[in-house]
Amino acid sequence: MSPVLHPSFWQVVGRGARGRCPRCGVGRLFARYLKAVESCAACGERLGHIRADDGPAWLTILIVGHIVVAAILAVEPYVDWPQWVSSVVWLGLALVLVLIVLHPAKALFIGI
């Protein structure tokens, strides 16, 4: 292991958002979808003790809520879907976006 200089705040944020070790940027941050590794395989930085708590859920709700509500307000006045179709479309969109946004949000909070 070579010594790693202390990265800048923005390097840490960028590495975390990409799911990489905030210190070295090489090792993976997650062992599974949302389970953080105990330590970085590349530099040995301990990561398992870092708790993101409710931050990723809050950020995910904020982002997904804005996207879904904007889409609903932009589309619903111009379509004449049955209520069940609207429910399936918007709930499906919300679910897909949550699954896409939650992983990078947790990585970002662990990195910070």
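R23 has a relative accessibility of 28%, so R23 counts as partly exposed. That label covers the range between buried (under 20% relative accessible area) and exposed (over 50%), using a 1.4 Å probe and protein chains only.

A word on the model. This is a predicted model: local features need pLDDT of at least 70, side-chain atom pairs count only at pLDDT 80 or more, and totals for chains, interfaces and linings use all residues. Residues are numbered from 1 along each chain as its sequence is written, and side-chain values use heavy atoms, without hydrogens and water.

Back to R23. What does R23 form a salt bridge with? The partner is E45, with the closest N and O atoms 3.3 Å apart. The pair links distant parts of the chain, 22 residues apart. Both R23 and E45 sit in the loop between α1 (9-17) and α2. E45 is partly exposed too, because its relative accessible area is 29%.

The term salt bridge means a side-chain nitrogen of Lys or Arg within 4 Å of a carboxyl oxygen of Asp or Glu. Side chains of opposite charge can pair when their charged atoms come close.

How many salt bridges does the structure hold? It holds 2. D53 and R51 form one of them, at 2.7 Å from N to O. Both of these residues are exposed.

Next, helix α2. It spans residues 55-75 and includes L62. Helices are DSSP runs (H or I, at least four residues), numbered from the N terminus. L62 counts as partly exposed because its relative accessibility is 36%.

Notes: Helices (H or I, at least four residues) and strands (E, at least two) are DSSP runs, numbered from the N terminus.
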